Amino acid sequence: MKIHTLGPSATDSYAAATQYNKEELLGKAKIIGHPSFENILTNLNAYSRDYLLIPAAFKSPKLQESWGDIHYEKLDQMELENCFMTNLDPLVVVKNTDVNNGIGYTHAATKQLLEQTVGNGIEVTTAPSKYDAYQRYLANDAEYVLTNEKNVTLNRNEKIIKRLTPSMVWCLYQIA
């Protein structure tokens with residue numbers, strides 16, 4: 001059994017797949033991390049009879065679709081097998097106090113949360129994962145990032161302005 005989800009192993013999706021594999025499948029599944037959910041969803045034929053684990057919060061600016069859109073659009077290609085809930089690793093909004101450019105990075109599903117936390121005037125660029133968003137924040141001298149706390153190594157010029165501990169609903173589909 002193969003479970004396709006968002007990778008790398010630092011993502012919440014990969015952690016949820018690992019937890020599900022351990023608790024429900026007794027470690028019998030192979031988890032395959034992809035660079036984006038879009039990569040999986042646009043290549044479903046290549047994964048026939050495998051599984052897809054996707055969060056109910058899925059949102060794709062590239063596909064201009066959310067989880068609900070995908071759920072109904074792909075009824076002939078995927079069958080919902082199971083749903084479960086996990087606590088996400090804590091999320092943090094980090095501010096680089098040496099930068100004042102109003103640029104922030106996060107995953108598409110948490111874009112509104114970052115905008116709400118920081119306030120008006122922020123220019124948010126979305127990334128395929130919160131892990132990737134943190135890498136882009138570091139590489140591009142941005143002012144803000146919303147990512148998992150475990151991804152962050154604070155420097156002297158950075159501070160956490162908000163910490164959140166949300167839960168997530170996960171949907172496991174079998175691909176036709």
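Trainee: How do you know that the span of helix H1 is close to the one expected at 1.5 Å a residue?

Mentor: Keep in mind that this is a predicted model. H1 covers residues 12-24, which makes 13 residues. The expected span is 1.5 Å times one less than that number of residues, so 18 Å is expected, and H1 reaches 18 Å from its first C-alpha to its last.

Trainee: What makes a residue of H1 buried, and which ones are?

Mentor: Buried means under 20% relative accessible area. Asp 12, Ser 13, Ala 16, Ala 17, Tyr 20 and Asn 21 are the buried residues of H1. They therefore each fall under that 20% cut-off. Over the whole protein, buried residues make up 46% of the 176.

Trainee: What comes after H1?

Mentor: Leu 26 follows, and its phi is positive, near 55 degrees.

Trainee: Why does the radius of gyration agree with a compact globule?

Mentor: Because a compact globule with 176 residues would have a radius near 16 Å, and the protein has 17 Å. As for its extent, the C-alpha trace spans about 50 × 30 × 25 Å along the principal axes.

Trainee: What share of the contacts joins residues 24 or more positions apart?

Mentor: Take the contacts with a separation of 6 or more: 70% of them are between residues 24 or more positions apart.

Trainee: And where do the charges sit, how far apart are the centres of the two sets?

Mentor: The centres lie 4 Å apart, for 17 positive and 20 negative side chains.

Conventions
Residues numbered from 1 in each chain as written. Predicted model: local features only at pLDDT ≥ 70, side-chain atom pairs only at ≥ 80, totals over all residues. Heavy atoms only, no water. Rg over C-alpha atoms; globule rule 2.2 N^0.38 Å. Buried < 20%, exposed > 50% of the residue type's maximum accessible area, 1.4 Å probe, protein only. Contact = heavy atoms within 4.5 Å. Lys, Arg positive; Asp, Glu negative; His and termini not counted. Charge placed at Lys NZ, Arg CZ, Asp CG, Glu CD. Helix = DSSP H or I, 4+ residues; strand = E, 2+ residues; numbered from the N terminus.
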